[in-house]
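The following account examines how secondary-structure elements pack against one another in a single model.

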Amino acid sequence: MNWNDGKLNVNWCNPQNANSNWRVRTEVSYKTPQIGVLYYEFMNNKNSHDIFDNIISLNNLFFAWREFKEGKLQKIDVRFFKSSLGKNLSEIHNKLKNKTWIPDEYVSFYIRDPKLRNIHKASVRDRVLNQAVFRILYKIFDKSFIFDSYSSRIGKGTHNAVYRLNDFIRKESNNYRSNVFVLKCDVQKFFDSVSHDVLMKLIKNKVSEKNTLWLINKIIKSFKKYPNKGIPLGNVTSQLFANIYLNELDQFMKHKLKVKYYVRYCDDFVILSKDEKYLRNLIKEIDCFLRENLKINLHPSKVTIKKANQGIDFLGYVSFYHYKVLRTKTKKRAFKKIKIRKNQLDKKIISSYSFKQTLNSYLGILKHCKGLKVEKEILKIADIDKVQLILL
């Protein structure tokens, strides 16, 4: 690899056959391209455009590595993989091409986000592979998703989902002149409950190429929480699989139930209506659909109906008619985190740059809500003012 005039020239050859004329050359901008955008040429001019070849191409694997490594180069295992990058990417390519790839074991650990979550982390090699798969499959499936699905999609995210909820509240309430009820639902243990068979059936509706299906099946079967059920929270492909799975719910909502005001972020979703009875009747229909078609069910203690003017707690914010505020738990977690980071800064465990990043991340969240008091409290804990923050 070498940099030249702002471009990266990469010449790969098959390490298992030094005399082979099979070779891939890529010349790409050092800026990461959009997901699924590929450019590669085979020196023997045998271009292939099927999904599997796109996934396993060295060009796609290289971009997958670039996307994966963002913010992770301080990790020892990531640096170790980078030290023999060409060899490692070639090895992934060859094992996939020869169908000899076997997933490594997952490493299990727990995080609080804010509730306790069990994360299963794949090896660096397998996470790069998952990123490569995600890059190609994303464009195939994303165009079939509804507009108001906001998790793990380009141009979507939590903030846009909350803004959409607020917009729906305004519309259904006739500019806040009438009452609006909000049905809020959560799927019980969603990631642990995803049926492998149902997921593969849904994927086959869009993908028929046998090599690609072999690879996807290997990824899905690499993890199980229960017999033939479960996808790992730590895999980027799990985010796409979740949207493929719950897109069935989205289509049912929009085309069968004709729900007008509906927003979903992963396994959390809300429905708005002036008619409380209508929302109560929906609960049974939704739960029945989930059980019969997707083998999952609503969380019985997380299905609620509230008036919108009482405040709707959704994705870290509580939305009222004319404004929204940060969720109390999120606010307390921010204060606690900043106190810890300030203590680490004082002891020179972290740099001022790292501390500034933490502050900016929380201050950035506050830009999307009524958060002046919270901002002042954060700066007080940090023992800093806005001018000092800029100079930090």
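**Helix packing and an open sheet**

In this predicted model, helix H8 (residues 196–204) packs against helix H9 (residues 210–221) at an angle of about 155°, and their axes lie 11 Å apart. Angles over 145 degrees count as roughly antiparallel, and H8 and H9 are therefore roughly antiparallel to each other. Their crossing is right-handed. On the H8 side, the contact is made by His196, Asp197, Leu199, Met200, Ile203 and Lys204; H9 contributes Leu213, Ile216, Asn217, Ile220 and Lys221. Sorted by class, the contact of H8 with H9 comprises 6 nonpolar, 2 polar and 3 charged residues.

Attention now turns to the sheet. Four strands form an open sheet in the order E8-E9-E7-E10, with antiparallel pairing. Valine 182 has lysine 306 in E10 as its bridge partner.

Two helices pack on this sheet. Helix H10 (residues 236–256) touches E8 and strand E9 (268–273), and the direction of H10 makes about 170° with that of E8. Helix H11 (residues 276–294) touches E7, E9 and E10, and the direction of H11 makes about 145° with that of E9.

How values were computed
Residues numbered from 1 in each chain as written. Predicted model: local features only at pLDDT ≥ 70, side-chain atom pairs only at ≥ 80, totals over all residues. Heavy atoms only, no water. Axes fitted to C-alpha atoms, helices over the stretch in contact; angles between N-to-C directions. Parallel < 35°, antiparallel > 145°, perpendicular 65-115°, else oblique. Left-handed = near helix turned anticlockwise from the far one by under 90°. Contact = heavy atoms within 4.5 Å. Nonpolar A, V, L, I, M, F, W, Y, C, P; charged D, E, K, R; others polar. Pairing = 2+ DSSP bridges.
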